[in-house]
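Subject: The structure, and what turned up in it

Hi,

Here is the structure I promised to pass on.

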Amino acid sequence: MGSQINDPQELVVLVTGFLVITSSAQSYTGNTRNPYMTQSSARIILLTTRQPFRPQWPVNPSWEIAKDLPPYLPPLQAKYPNARGTVELPPVRILVHPEPLRVNYKFIRDIVPSFWDTYQGYNVDAVIHIGMTGPRTFYQIERRAHRRGYRIVDVDLQLPEEGTYGKPEDPDWIWHDQPDEIISDLDIDDVHKRWQAHSSKDIDLRISENPGRFLCDWIYYCSLSHLLKASRPKKVCFFHVPCDASERSVSQGRELALNMIRAIAESEVLLKQKKSEQNGTET
């Protein structure tokens with residue numbers, strides 16, 4: 001397990017959240033052809049005025065949820081009868097990146113590697129990126145992220161520097177040798193079941209296969225790609241929350257974030273135990 005250098009028994013989870021989105025864009029089918037795509041799927045970006053991207057959502061709940069998480073995962077309370085059997089966990093330290101992340105493609109790509117180096121003196125075991133979706137009532141854990149197809153501009157009215165379709169034939173492109181989709185190495189199905197078990201049955205918790213090809217998808221792919229290149233376990237996921245930033249919704253989102261952290265910790269501890277048992281049997 002990752003840990004602070006002088007405390008090898010801790011499990012460390014890093015959590016990030018986003019700033020408010022403050023730009024707008026529209027996309028439409030055009031006749032500008034990209035060499036890597038068919039003409040029928042070509043897209044161009046029409047930039048509009050610098051107005052709030054979602055003026056009805058002036059607060060990003062992802063940061064409101066993340067910023068007040070406790071420094072350690074609290075002891076389990078048998079709140080819901082569907083909770084799975086007790087898993088003995090080591091202390092689970094929760095690190096929150098101290099600032100909301102700017103909704104900018106270049107900024108995100110540049111900062112993500114720092115999450116996976118020694119972070120604030122700790123080696124991170126897992127990362128949960130949190131971001132908001134539209135006016136939905138359900139929550140999602142994302143399984144995969146995408147390399148290309150980003151056609152919505154960021155807060156600075158910019159696309160990724162390589163454009164919407166990337167540069168798959170350019171050996172100098174940072175993601176040249178990466179797959180178009182990368183899947184988390186967390187056991188998302190097991191994490192999802194445990195997450196549900198620790199949460200109220202009245203809350204709709206889902207697995208998603210499409211983070212949306214905007215900054216949520218982008219940051220997820222940046223983390224997954226960084227780990228894949230480094231031949232490290234891809235222990236990262238993305239948590240999509242509704243856009244509701246009311247006190248009640250943020251409180252519920254924070255509880256669900258803690259439940260997700262617990263679910264990930266349980267899943268990873270049991271996986272490690274199974275591997276140890278298998279190695280013992282083989283020897």
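Let's start with the sheet. Six strands make up an open sheet with mixed pairing, and their order is β4-β1-β5-β10-β6-β9. Strands here are DSSP runs of E with at least two residues, helices are runs of H or I with at least four, and both are numbered from the N terminus. Two strands count as paired if DSSP finds at least two bridges between them. The edges are β4 (92-96) and β9 (205-208); each has a single partner strand, so one side of each has no neighbour in the sheet. On average, neighbouring strands are turned by 25° against each other, ignoring direction. For angles, the axes are lines fitted to C-alpha atoms (for helices, over the stretch in contact), and values run from 0 to 180 degrees between N-to-C directions.

Before going further: this is a predicted model, where local features need pLDDT of at least 70 and side-chain atom pairs count only at pLDDT 80 or more, while totals for chains, interfaces and linings use all residues. Residues are numbered from 1 along each chain as its sequence is written, and side-chain values use heavy atoms, with hydrogens and water left out.

Helix α2 (residues 105-116) lies across β1 (11-16), β5 and β10, at about 145° to β5. Its buried residues are Tyr105, Ile108, Arg109, Ile111, Val112, Phe115 and Trp116; buried means under 20% relative accessible area, exposed means over 50%, and partly exposed is in between (1.4 Å probe, protein chains only). Those buried residues pack against β1, β5, α4 and β10, where contact means heavy atoms within 4.5 Å.

Helix α3 (residues 188-197) lies across β6 (139-142), β9 and β10, at about 170° to β9. This helix is mostly covered, with seven of its 10 residues buried. Among them are Ile188, Val191, His192 and Trp195.

What about charges? The whole structure has 19 salt bridges, each being a side-chain nitrogen of Lys or Arg within 4 Å of a carboxyl oxygen of Asp or Glu.

- Arginine 143 bridges to aspartate 189, with the closest N and O atoms 3.3 Å apart. The arginine is in the loop between β6 and β7 (144-146) and the aspartate is in helix α3, so the pair ties together parts 46 residues apart in sequence. Arginine 143 is buried, at 16% relative accessibility, whereas aspartate 189 is partly exposed at 39%.
- Glutamate 181 bridges to arginine 144, with the closest N and O atoms 2.8 Å apart. The glutamate belongs to strand β8 (residues 181-183) and the arginine to strand β7, so this pair ties together parts 37 residues apart in sequence. Glutamate 181 is partly exposed at 39%, while arginine 144 is buried at 17%.
- Aspartate 190 bridges to arginine 194, with the closest N and O atoms 3.0 Å apart. Both are in helix α3, four residues apart, about one turn of the helix. Both ends are buried: aspartate 190 is at 16% and arginine 194 is at 7%.

Which residues are linked in a network of salt bridges? Arg143, Arg144, Glu181, Asp189 and Glu209 are.

Over in helix α4 (residues 215-229) you will find serine 225. This serine is buried, with a relative accessible area of 2%. Its side chain makes a polar contact of 3.2 Å with that of tryptophan 175; such a contact is a pair of N or O atoms within 3.5 Å, and within protein one must be able to donate a hydrogen and the other to accept it, with residues adjacent in sequence counting only if both atoms are side-chain atoms. Leaving aside residues up to four places away in sequence, serine 225 touches Trp175, Gln178 and Ile182.

Last, the cysteines. The disulfide count is zero, taking a disulfide as a pair of cysteine sulfur atoms within 2.5 Å. Cysteine 216 is buried at 10% relative accessibility, and cysteine 243 is buried at 9%.

Cheers
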